[in-house]
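Subject: Structure handover, pockets

Hello,

Here is the structure I promised to pass on. Please open it before you read the notes below.

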Amino acid sequence: MAMNKTHVPTAQRSVLGMLIDDHREAQKLFKEFESAKDDAQKKQIAQRACAALTAHTEIEEQHFYPLLREADPKEFGSLLNEAKVEHASAKDLIAQLQTMKPTDEMFDAHFTVLGEYTNHHITEEEDELFPKVVKKDIDLRDLEAPMKETKEAILAATAHA
Ligand SMILES: [Fe+2]
Ligand SMILES: [Fe+2]
């Protein structure tokens, strides 16, 4: 079940809204890949998805997860540990994809599995983690600006890579 950002209270809305928008964008790209017409299109979609996921995991790891762990280690600790393992699996697949060409026999399999892992992780965040953040009324408002700044810096760097 996907979380609907319009029901998120003010103290969490901007940050959870930003993360939920990222999730939808990633899911859209994985869907688009399924109907890609040729290798050039596959490559372009995969590059966009990898860049978006890299920026997204980074802003969660640099800003969002540490604030939650600090706010309530007992409540968030094990979920955040799982998130860390899931992010590591995604980063590993992204690193492999970045060395591959869409003509490689295993390219589609790598991207498809990345999509499956990503969907699983998104479900955990939106069904378990984010509702806890709302329930515990964690104030995320100070994170909005630094998260945007970090995201833009990473996207700018990957665009020039
Ligand atoms: Fe996320
Ligand atoms: Fe995450």
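First, a term: helices here are DSSP runs of H or I with at least four residues, numbered from the N terminus. Please also keep in mind that this is a predicted model.

Largest pocket
- The volume is about 360 Å³.
- The lining has 15 residues. Closest to the centre are Ala-46, Gln-47, Cys-50, Ala-51 and Gln-98.
- Three helices each supply at least two lining residues: helix 2 (39-71), helix 3 (73-98) and helix 5 (144-159).
- Helix 2 gives the most, with six residues.
- By type, the lining has nine nonpolar, four polar and two charged residues.

Second largest pocket
- The volume is about 220 Å³.
- The lining has 20 residues. Nearest the centre lie Ala-26, Ala-52, Leu-53, His-56 and Thr-57.
- Helix 1 (10-34), helix 2, helix 3, helix 4 (107-135) and helix 5 each give two or more residues to this lining.
- Which helix gives the largest share of this lining? Helix 2 does, with seven residues.
- By type, the lining has nine nonpolar, six polar and five charged residues.

If you have time for one element, start with helix 2. It gives the most to the lining of the largest pocket, and the largest share of the lining of the second largest pocket comes from helix 2 too.

Best wishes

Key
Residues numbered from 1 in each chain as written. Chains lettered and ligands numbered in written order. Predicted model: local features only at pLDDT ≥ 70, side-chain atom pairs only at ≥ 80, totals over all residues. Heavy atoms only, no water. 1 Å grid on protein atoms, 1.4 Å probe; cavity = no way out; pocket = protein on both sides within 12 Å on 5 of 7 lines; lining within 4 Å. Points joined across faces, edges and corners; volume = space filled by probe spheres on them. Nonpolar A, V, L, I, M, F, W, Y, C, P; charged D, E, K, R; others polar.
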